[in-house]
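Here is a short tour of the charged contacts in one protein model. Have the viewer open as you read.

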Amino acid sequence: MESPFLFGKLVVGKTFVNRTKEIKALETNIDSGINTILISNRRLGKSSLVEHVAQKKNSSKIKFAILDLFSITSEKDFYQEFAKAVMHASTNKVEQLFKGVSTFLGKLNPSISIGEEDSGGAVSFGLTFNADQQTLEEVLDLPEKIAEEKGIKLVICLDEFQILGNFKSSEQFQQKLR
């Protein structure tokens, strides 16, 4: 008999069950603008819970940028992936992505490429910049700037946050994020 439970990947849709109290608590925190940290042992569904709530609440007025930090190895990688996740969450069409990139990231040398039709026309986004303090602050301020400009709430979800502890100047970097 095949197990009805999924392991090792996100559980979404009909396979996501129960967790009613946790869903309500997370939704309440999001609606109230309260920073939330989910802590538990591995493989107990934290990422699936966040993804479920994000899918449920995502609308024209609230967008979710979910960034998995597991493969991030440096501050530079973080800034690039952070900007990429924020831009993808806050735009919904290729034309809007181009406009958003030029409006919000013009000084940071963004690059966008669109894949062939046989690959689904996937849009890939890259970002290069000088790592000066002002530029890095602009990247961290990006969600607030976009949210104000578009009149939306932009929720940033950092999965595998503990990875940031491996950075060279981990404590200083975490202070910047605050």
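## Ground rules

This is a predicted model, in which local features need pLDDT of at least 70, side-chain atom pairs count only at pLDDT 80 or more, and totals for chains, interfaces and linings use all residues. Residues are numbered from 1 along each chain as its sequence is written, and side-chain values use heavy atoms, leaving out hydrogens and water.

Searching the whole structure gives 4 salt bridges, each a side-chain nitrogen of Lys or Arg within 4 Å of a carboxyl oxygen of Asp or Glu. One of them pairs glutamate 27 with lysine 56, with 3.1 Å between the closest N and O atoms. Glutamate 27 sits in helix H1 (residues 20–32) and lysine 56 in helix H2 (residues 46–57), 29 residues apart; helices here are DSSP runs of H or I with at least four residues, numbered from the N terminus. Glutamate 27 is buried at 12% relative accessible area, while lysine 56 is exposed at 52%. Buried means under 20%, exposed over 50%, and partly exposed in between, using a 1.4 Å probe and protein chains only.

Aspartate 31 forms a salt bridge with lysine 57, the closest N and O atoms lying 2.9 Å apart. Aspartate 31 is in helix H1 and lysine 57 in helix H2, so this pair ties together parts 26 residues apart in sequence. Aspartate 31 is partly exposed, at 47%.

## A link from H6 to H3

Lysine 176 and glutamate 75 also form a salt bridge, at 3.4 Å between the closest N and O atoms. Lysine 176 belongs to helix H6 (residues 170–177) and glutamate 75 to helix H3 (residues 75–90), 101 residues apart. Lysine 176 is partly exposed at 32%, and glutamate 75 is partly exposed at 21%.

Terms used. Helices (H or I, at least four residues) and strands (E, at least two) are DSSP runs, numbered from the N terminus.
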